[in-house]
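Please keep the sequence and the 3D view open while you go through the points.

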Amino acid sequence: MQNTNDSATSMKPDLANDGAAGSVKADPTSGGAGASNDDLLRVEGLKTYFYTEDGIVKAVDGIDFSLKRGEVLGIAGESGCGKSVTSLTIMRLISQPGKIVAGHIWFDGKDLATATEDEMTKIRGNRISMIFQQPTSCLNPVFKVGDQIVEVLKVHKRMSDRAAKDRAVELLTMVGIPSAKKRYDSYPHEMSGGMCQRVMIAMGLANEPELLIADEPTTALDVTIQAQILELMKALKKDINTAIILITHDLGVMAEMAERMVIMYAGKVVEQTDTNSLFESPKHPYTQGLLASIPVLGQVRDRLEVIPGTVPSLRNLPPGCRFAARCPRQMPICVDEEPDLLKVHGRSVRCWLYHPAIDPDPTACADQTLDKLNTYRQTQQEPPAAAAK
Amino acid sequence: MATNANNVNELDNREPADAIKPSENGANTPVQHITGVGGGVTGDSTDYIMRVQNLKKYFPVRGGVLQRVVGQVKAVDGVNFDVRRGETLGLVGESGCGKTTVGRTVLRLLNPTGGNVLFEGRDLTTLNAGEMKKTRRNMQIIFQDPYSSLDPRVPIGQSVGEGLLIHGFSREEREQTVRDMLKRVGLHPEHARRYPHEFSGGQRQRIGIARALTMHPSFIVADEPVSALDVSIQSQVLNILKDLQQEFKLTYLFIAHNLSVVEHISDRVGVMYLGKMAELADRDELFNNPRHPYTQALLSAIPIPDPRIRRDRIILKGDVPSPLNPPSGCRFHTRCWLAQQICSDQEPEWRDIGSENATAHPHLVACHFAEQTKVKGLANEIKEQLGTDTKV
């Protein structure tokens, strides 16, 4: 079987999980405290590192976010920022040399970071499912698409062959595949990319999961097909009330689909807020730069803003803020110390500019700033991070 | 930026001082540099760097034991357009519409099945190999994938200077030009000795641009030059392309599927569907007064990165038909919500319906009902919703 089918359905033993389970301290007392009443998913201090020959790649380096039932959360960022690794970590699909080094993934009161493989198998494809970027390569080429959906159903539910097949046809109809009964017998190569993505969505929603992770679901598709898929996802979300984590680099798709957004940069969350205020007044200089650098349809500018430089290597991260070297508002402290995720007007931003003890004056002396910060730390507690609300 | 003054920073620091700022007269005045714009199609040949007439490119499909030709993929099937000197002509369309094939065929990287390509007044399709080689100095291509378009086993300096070698330049001239060009696209001249794997995607695309520029061409086909790049890198490369166009008086045929990018960089835009040109007009005209239903659907499908804007979307049914067996008549009629009997019977004429704004550039469209398909333009729609003018 192809690996992706496995991920959604069956029981391939995942090498990394043994290691991961060993390295994360299981804390039985925090189980109840971890999940508050209406949060479906809460990720706390999650770190996923890859131990390669050339050093440790800190793909996800301490991220926190939460997701309510039925909510659409967008995770945006450029390639290499860790957004896909985050989703694979939640599904516990990280394999060697990757490892969950720290943190918790509270899903409905249960910590997925320490769950056993058997427990994960019951959750994957059933309560959490995932759709991927390349629909054509994620379906198994040697099985009929209908049978692949039936497999998802039968792994998790006791169903007769007949009932499962009927349900599969029903699902194919639901995702808008014409003459679904006939299409049940098609092989993936007989279908277009948009059709395959519909099959993937049907497979993902087969067991009506509480959480659907969509990793760049429309990136490989043409715009008119993307429009079809986005409309489909919106309609299905209304019907099934699944919470969705939507991962994409396309801020247009984000603006349309997501209710809340997380912006990631080099393995860290740099900003988290609701979609409207993010687009209206982005706080982090990276978010500001990102929004200014994309050409927007119908808004012709003479010149695009540029974020100079490139993303730092995840093997060799700078000691201070990871964006400091590219930041137009860099201060001396940014190079030396990494900022926390600060709470600013109900949103979280990882930037020194918004720290109460810091004067966002570029001419401020570095020593003075540090002194001020130390005094502030002694007199007060650190401002609470977003996850601790 | 003292901590990490890499090459890219240098480029961006230098930009404000550069004399090659884009025209100050606003984004709303396309094709300023075109002189003597006549009635369009019948204009004097000096206005045009390239004229493409009824261009066709079919790819044979072989099958059976004897590998006989069993069918033809009509990748490009009768395309007409002109490229004016100094402009950027954007070419958009979905995958499989033939836009890349057009780009390669007009450079004769692929030999056309039919039609003519007049470049600087000479028909490229009739040139022999020697004449073609000479002409190629003036026309270049920038490829989509910066990873596979550079030879991993030679230093990039050699890749960049290869055109000069073929055209018989001396070693000193080659090295000098390569250094200049690398500097011009924001890389260090010393980088010439490094290998492609030492560069990031954005840097590789700059190398590809430097390579295209070494022969000082007048015409460049840019085939999806930014679609493999991250958004923040994308804007760097788009700005470089704009700067270089001003500096070297380049003409671009800019092929892309991303309409926002095409709108940003182009003076005129052509929309292709299934091997045919559907619509071609000035940028502002096309985006604000699209007349072909396919263009309208395409424009409405783009998600706009502003959550305040909610648009009525035209959702097209089904997929693009196979170019192996394209629909009769208008190729879009199988998905068109306005289609009538005539659309499946008769192929619409490629005609000028007249531009709405007074640029006098033709607004070409291939639709039987182009006169009746007026919609509210994109800019107007956004303006209405936000209550402000969105021109920045």
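This is a predicted model: local features need pLDDT of at least 70, side-chain atom pairs count only at pLDDT 80 or more; totals for chains, interfaces and linings use all residues.

1. Residues are numbered from 1 along each chain as its sequence is written, and chains are lettered from A, with ligands numbered from 1, in the order in which they are written.

2. Chain B has twelve helices and twelve strands, where helices (H or I, at least four residues) and strands (E, at least two) are DSSP runs numbered from the N terminus. Of the 392 residues in chain B, 47% are buried, a residue being buried if 20 or more other C-beta atoms lie within 10 Å of its own, exposed if 12 or fewer, and partly exposed in between, with C-beta atoms placed from the backbone.

3. The contact between the chains takes 43 residues from chain A and 45 residues from chain B, and two residues are in contact if their C-beta atoms, placed from the backbone, lie within 7 Å. On the side of chain B that touches chain A, α7(B) gives the most, with six residues. By class, that side of chain B has 22 nonpolar, 15 polar and eight charged residues, where Ala, Val, Leu, Ile, Met, Phe, Trp, Tyr, Cys and Pro count as nonpolar, Asp, Glu, Lys and Arg as charged, and the others, Gly among them, as polar.

4. Chain A is divided into domain 1 (3–249) and domain 2 (268–388), with bounds that come from an automatic or database domain assignment. In chain A, 14 residues of domain 1 are in contact with eleven residues of domain 2, and strand β2 (residues 55–68) of chain A supplies the largest share of the domain 1 side, ten residues.

5. Why is strand β10 (residues 268–274) of chain A described as largely enclosed by the rest of the structure? Six of the seven residues of β10(A) are buried, so the strand is largely enclosed.

6. Strand β9 (residues 260–265) of chain A runs antiparallel to β10(A) and is joined to it by six bridges; two strands pair if DSSP finds at least two bridges between them. Tyr265(A) has Lys268(A) in β10(A) as its bridge partner, and in this hairpin, with two residues between the strands, Ala266(A) takes a positive phi near 50°.

7. β10(A) also pairs in the antiparallel sense with strand β12 (residues 347–349) of chain A, over two bridges, and Gln272(A) stands opposite Ser348(A) in β12(A).
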